[in-house]
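Colleague: I am new to this structure. Please show me how to read it, feature by feature.

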Amino acid sequence: MNADTALTIMEALDQAEALLNRVHLRDGYAGRDTLARNRELLNAARNRLEQVHSIDEMGVFEGFGRSPALA
């Protein structure tokens, strides 16, 4: 693994962590908007983790950038 690949992996993991940190968990009722936002964040984090797991197949991520969910 070269330094660029390692850096790409670390960036993907950092982005997944940032997405997961934005998930709102609370006791009681969660509104439809909150649930939809949490689902969006979890899907974006899952995508980042899947990219890391497929690094052997892809080499370097194409089109790798900030997720709209991070905005």
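Modeller: We go from confidence to fold, then to core and surface.

Modeller: This is a predicted model: local features need pLDDT of at least 70, side-chain atom pairs count only at pLDDT 80 or more, and totals for chains, interfaces and linings use all residues. Residues are numbered from 1 along each chain as its sequence is written, and side-chain values use heavy atoms, with hydrogens and water left out.

Colleague: What does the protein chain average in pLDDT?

Modeller: pLDDT is the predictor's confidence in each residue, from 0 to 100. The protein chain averages 77, and 75% of the residues score at least 70.

Colleague: Where is confidence lowest, and where is it highest?

Modeller: Helix H3 (residues 55-58) is lowest, at a mean of 63. H2 is highest, at 87. Where pLDDT is low, the predicted coordinates should not be read in detail.

Colleague: How many helices and strands are there in the protein chain?

Modeller: Both are DSSP runs, numbered from the N terminus: helices are H or I with at least four residues, strands are E with at least two. Here there are three helices and zero strands. Along the sequence, the pattern reads α-α-α.

Colleague: What share of contacts joins residues at least 24 apart?

Modeller: A contact means heavy atoms within 4.5 Å. Take the contacts between residues at least 6 apart in sequence: 66% of them join residues at least 24 apart. For a related view, look at C-alpha distances. Gln15 and Ala45 are 30 residues apart along the chain, yet their C-alpha atoms are separated by 7.3 Å. Met10 and Val52 are 42 residues apart in sequence and 8.8 Å apart in space, C-alpha to C-alpha.

Colleague: Is Gln15 buried or exposed?

Modeller: Buried means under 20% relative accessible area, exposed means over 50%, and partly exposed lies in between (1.4 Å probe, protein chains only). Gln15 lies in helix H1. Its relative accessible area is 13%, so Gln15 is buried. Of the 71 residues of the protein chain, 31% count as buried.

Colleague: Which residues form the largest nonpolar core?

Modeller: A nonpolar core is a set of buried Ala, Val, Leu, Ile, Met, Phe, Trp, Tyr and Cys residues joined through side-chain atoms within 4.5 Å. The largest one has six residues: Ala16, Leu19, Val23, Leu41, Ala44 and Ala45. H1 and helix H2 (32-53) each give two or more residues to this core. H2 provides the largest share, three residues.

Colleague: Now the surface. Which residues make the nonpolar patch?

Modeller: Patches are made of residues with over 30% relative accessible area and no salt bridge; like charges are joined within 9 Å, nonpolar side chains (Val, Leu, Ile, Met, Phe, Trp, Tyr) within 5 Å. Met10, Leu13 and Leu49 make a nonpolar patch of about 240 Å². Met10 lies in helix H1 (residues 3-21). At 45% relative accessibility, Met10 counts as partly exposed. Accessible areas come from the Shrake-Rupley method with a 1.4 Å probe; for residues, only the protein chains shown count as cover. The protein chain has about 5,200 Å² of accessible surface, 51% of it belonging to carbon and sulfur atoms.

Colleague: How many salt bridges does the structure hold?

Modeller: A salt bridge is a side-chain nitrogen of Lys or Arg within 4 Å of a carboxyl oxygen of Asp or Glu. The structure holds one. Glu40 pairs with Arg37, and the closest N and O atoms are 2.9 Å apart. Both residues lie in helix H2, three residues apart, about one turn of the helix. Glu40 is partly exposed at 39%, and Arg37 is partly exposed at 26%.
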